Amino acid sequence: MQHLAALGHNRIAFVSGPAHLKTAAVQKNAFHACMKEIGLQVAAEILLEGDHTMEAGAEAASSLVSLRHRPTAVVCSNDLMAIGLMHKASELYLDIPGDLSVVGFEDIPFAKYMIPQLTTVQISREEIATVAFETLFAAADPAINGDTQIVSSIATNLVVRGSTSMGPGRVRDGRRSRAGRAHAQANRFI
């Protein structure tokens, strides 16, 4: 969210995973905390729940596009939803990132093969597996009772690629969105 706020986005949507997953609740809470920290409001209409599939991302894109006050950026709780969202946005003639900046989470291999490449939060699958194994091993220890909570943290890294750009009203590097270029081209002949 800090990356998007630094680019001038002030209406940032969030597509979470299923509410029954603890990781989805953690990500949603982190989204709210970060938005509060950077001084941005969170409107209920731009908080959507998905199921970590590309189809859920496409549904989220349709919902967000239909809003009167559309977000200028969206963060998805995984890359698959971000990819589905980008695909549907393209079908709806939105330019990524000119009309809508998109950020995913995980950095799956396919993210760098998207057009544009997906900006995402990288997290080590190996580190997740190691922490999961260590936690499971520790939980099996008879000295640990059922009331003990094991908390672990895993480092993340923002991988900035082509799916994010300056927000509306911010100076871009002279490029216009595809839709803006098409509009300008059409007006030349009128």
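Let me start with T119. In this predicted model, the side chain of T119 reaches the backbone nitrogen of R161 at 2.9 Å. T119 sits in strand β5, which covers residues 119-123. Its relative accessibility is 0%, so T119 counts as buried.

D107 forms a salt bridge with R161, and the closest N and O atoms are 3.0 Å apart. That pair links distant parts of the chain: D107 is in the loop between β4 and β5, while R161 is in the loop between β6 (156-159) and α6 (178-188), and the two are 54 residues apart. Are these two residues buried or exposed? Both D107 and R161 are buried. To put the R161 contacts together, the backbone nitrogen of R161 is reached by the side chain of T119, and R161 also takes part in the salt bridge with D107.

Now the overall layout. The protein chain has 6 helices and 6 strands. Going along the sequence, the order is α-β-α-β-α-β-α-β-β-α-β-α. Of the 190 residues in the protein chain, 38% are buried.

Back to salt bridges. How many does the structure hold? There are 3. The D107 and R161 pair is one of them.

Another is between the side chains of R11 and E45, at 2.4 Å from N to O. R11 lies in the loop between α1 (2-6) and β1 (12-16), and E45 lies in the loop between α2 (22-37) and β2, so this pair ties together parts that are 34 residues apart in sequence. The cut-off for buried is under 20% relative accessible area. E45, at 41% relative accessibility, counts as partly exposed.

E91 also forms a salt bridge, with K88, and here the closest N and O atoms are 3.6 Å apart. E91 has a relative accessible area of 44%, so E91 is partly exposed. K88 is at 22% relative accessibility and also counts as partly exposed.

Next, charge on the surface. Which residues gather in a patch of negative charge there? They are E49, D51, E55 and E59. E49 belongs to strand β2, residues 47-49. With 54% relative accessibility, E49 counts as exposed, because the cut-off for exposed is over 50%.

Next, backbone geometry, beginning with the cis peptide bonds. I96 and P97 are joined by a cis peptide bond with omega about 10 degrees. P97 is in the loop between α4 (79-91) and β4 (101-106). The peptide bond from I115 to P116 is cis as well, with omega near -5 degrees. P116 is in the loop between β4 and β5. The loop between β4 and β5 has already come up, as the place of D107.

Then the phi values. H52 is a residue other than glycine, and its phi is positive, near 70 degrees. H52 is in the loop between β2 and α3 (54-65). Its relative accessible area is 21%, so H52 is partly exposed.

E106 is not a glycine either, and has a positive phi of about 130 degrees. Where does E106 lie? E106 is in strand β4. At 25% relative accessibility, E106 counts as partly exposed.

One last residue, from the start of the chain. L4 is found in helix α1. With a relative accessible area of 1%, L4 is buried. The C-alpha atoms of L4 and V75 are separated by 9.2 Å, and the two residues are 71 residues apart along the chain.

To recap the salt bridges: R11 with E45, E91 with K88, and D107 with R161. On the cis peptide bonds, the residues to look at are P97 and P116. On positive phi, they are H52 and E106.

Methods. Residues numbered from 1 in each chain as written. Predicted model: local features only at pLDDT ≥ 70, side-chain atom pairs only at ≥ 80, totals over all residues. Heavy atoms only, no water. Patch = residues over 30% accessible without salt bridge, like charges linked within 9 Å, V, L, I, M, F, W, Y side chains within 5 Å. Areas by Shrake-Rupley, 256 points an atom, 1.4 Å probe, with all protein chains shown as cover. Salt bridge = Lys/Arg side-chain N within 4 Å of Asp/Glu carboxyl O. Lys, Arg positive; Asp, Glu negative; His and termini not counted. Charge placed at Lys NZ, Arg CZ, Asp CG, Glu CD. Helix = DSSP H or I, 4+ residues; strand = E, 2+ residues; numbered from the N terminus. Buried < 20%, exposed > 50% of the residue type's maximum accessible area, 1.4 Å probe, protein only. Polar contact = N/O pair within 3.5 Å; in protein donor to acceptor, adjacent residues only side chain to side chain.
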